[in-house]
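Colleague: Can you take me through this one? I'd like to go over the domains and the DNA.

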Number of protein chains: 2
Amino acid sequence: MQDIKVAVDAVVFGYKEETLFLLCIKQKFGPMADSWVLPGGLVQDDEPLKDAVKRELREETNVELEYMDQLYTFGDDIKRDPRGRVIAVAYLGLVDPKRLELKADTDALDAQWFPIDALPSLGYDHELIFEKGLERLRAKIHYEPIGFDLLEEEFFFSEMEGLYRTITGRAFDRRNFRKKILSFGFLEDLGTFRREGMGRPANKFRFIEDKYNELLAEGFHFELKFA
Amino acid sequence: MQDIKVAVDAVVFGYKEETLFLLCIKQKFGPMADSWVLPGGLVQDDEPLKDAVKRELREETNVELEYMDQLYTFGDDIKRDPRGRVIAVAYLGLVDPKRLELKADTDALDAQWFPIDALPSLGYDHELIFEKGLERLRAKIHYEPIGFDLLEEEFFFSEMEGLYRTITGRAFDRRNFRKKILSFGFLEDLGTFRREGMGRPANKFRFIEDKYNELLAEGFHFELKFA
DNA sequence: ACAAAAGTGTTTTGAGTACACCCATGA
DNA sequence: TCATGGGTGTACTCAAAACACTTTTGT
């Protein structure tokens, strides 16, 4: 009789001020008590995997995410969980952290965003899972317009630029980047807004998802390179 | 107490004479008796997932594959297996079918290659898994040199051309294709060989994996487009 | 007037694409 | 000598890359 448990874990990234953040929770009980780990937990018998991640995320961090991408299933290390054989199906999610209110104490847990270059050490094999998620994020940014999930609904172009600079780790030409993105035709120009602080006011833009889907249907293929 | 079983399934493709084949087995017992299905089965408690697929593949089809890529985990459909809740971690494998001898009766099973456009109907949700595998294959061929796993160790350029034509479903310029591939510098020219049948003798080539890895380390990025 | 950030156009370069003829063999 | 399949070079085209100055605001 097989005795393997199935868990789901969520790698959720947020972006703010040139920094990528990872959503973590503090475990209060169990073998990893007082460790930081990724949100997640065991799947229920009658529960689709994708519902399980969303539920755990909601219960543990108060974060509601309608869409998450399946990332990878971790099940080669027999002892990744000290309590017994557990395989983990990991999902990748992206949010603008400003849109979310972390409930710092649901289910007797602490939830927090950490800058990815200042993470606490994570329990289980969750550092591995995080690495995989980061790798996937860095790959996807080249061929899917995922950046918009990490920005506010209405954003300045320079914010988008900073996001891409942060994720790819490369500097690139501002003019060429803008030209390229605008040429896709799925951004709506919302006109000029004053910004806080110095400098000339800038235009805000909005991602038009319908337009993007329409383009996809016509055979459009999103692609960005950062030489 | 959680009651979910964990299985692995293998989507294994072969290529021969302008045709892609899928490796299937015939189930003799259980709810899918007499149906064709993908090779696979339940994972053992102390067995890494990747070992489980390789084992099932060996036991059921006599195919030995050293490397398989994790494809996707199917666990959203609660009733994908009529016997109860089972999630399946699917893997993708590629082989030159000429190199393998199918054992037509190990474990009281029948194993066979089917052309992908003449598949029998598959049990469980295995058609879905196959579709996902095919989609992944078609995507990967653009950014990883996987074609060589499907060809003999030493191959003629025109065979490679046919393989790419088959997988992408597009015609493309012979000269540009050859120029592009050779420009990568990871093929060794083995000189001229007589071919069976008509026509001018052709050169055989071999994929130099070490050279490819060296290039990767230098930041090389494999990419092929088929306009 | 100066500092800060945003907006914009032109030229250069290189990779992708299109395209057609000659060569070596078997029948 | 003909049919079959293999091998090769050049010109064009278009998108990516390089590149610098002007505009609007706050101080």
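Colleague: How many residues of domain 1 of chain A are in contact with domain 2 of chain A?
Modeller: This is a predicted model. In it, 12 residues of domain 1 of chain A are in contact with nine residues of domain 2 of chain A.

Colleague: Which elements supply the domain 1 side?
Modeller: On the side of domain 1 of chain A that touches domain 2 of chain A, at least two residues each come from β1 (5-16), β2 (19-26), β6 (86-95) and α2 (126-140) of chain A. β1(A) gives the most, with three residues.

Colleague: And how do the residues of that side divide, nonpolar, polar and charged?
Modeller: Six are nonpolar, two polar and four charged.

Colleague: Where are the bounds of the two domains in chain A?
Modeller: Domain 1 covers 5-140 and domain 2 covers 147-217. Their C-alpha centres lie 28 Å apart.

Colleague: Now strand D. Which residues come nearest?
Modeller: R200(A), A227(A), G199(B), R200(B) and A202(B), out of 22 residues around DNA strand D. The elements giving two or more residues to that surface are α5 of chain A and α4, α5 and β10 of chain B. Its residues divide into seven nonpolar, five polar and 10 charged.

Colleague: β10 of chain B is in that list. What is the strand order in its sheet?
Modeller: The order is β8-β10-β9 in chain B, an open sheet of three strands with antiparallel pairing.

Colleague: Why is one side of β8 and of β9 left without a neighbour in the sheet?
Modeller: β8 (154-156) and β9 (187-193) of chain B stand at the edges, and each has a single partner strand, so one side of each has no neighbour in the sheet. Neighbouring strands are turned by 35° against each other on average, direction ignored.

Colleague: How many bridges between β9(B) and β10 of chain B?
Modeller: Five, in the antiparallel sense. F193(B) has A202(B) in β10(B) as its bridge partner, and A202(B) is also among the residues that come nearest to DNA strand D.

Colleague: Which strands does α4 of chain B lie across?
Modeller: Helix α4 (residues 157-168) of chain B lies across β8 and β10 of chain B, and runs at about 80° to β8(B).

Note on methods: Residues are numbered from 1 along each chain as its sequence is written. Chains are lettered from A and ligands numbered from 1 in the order in which they are written. This is a predicted model: local features need pLDDT of at least 70, side-chain atom pairs count only at pLDDT 80 or more; totals for chains, interfaces and linings use all residues. Two strands pair if DSSP finds at least two bridges between them. Helices (H or I, at least four residues) and strands (E, at least two) are DSSP runs, numbered from the N terminus. Axes are lines fitted to C-alpha atoms, for helices over the stretch in contact, and angles run from 0 to 180 degrees between N-to-C directions. Two residues are in contact if their C-beta atoms, placed from the backbone, lie within 7 Å. A residue is near a molecule or strand if its C-beta atom, placed from the backbone, lies within 6 Å of it. Ala, Val, Leu, Ile, Met, Phe, Trp, Tyr, Cys and Pro count as nonpolar, Asp, Glu, Lys and Arg as charged, and the others, Gly among them, as polar. Domain bounds come from an automatic or database domain assignment.
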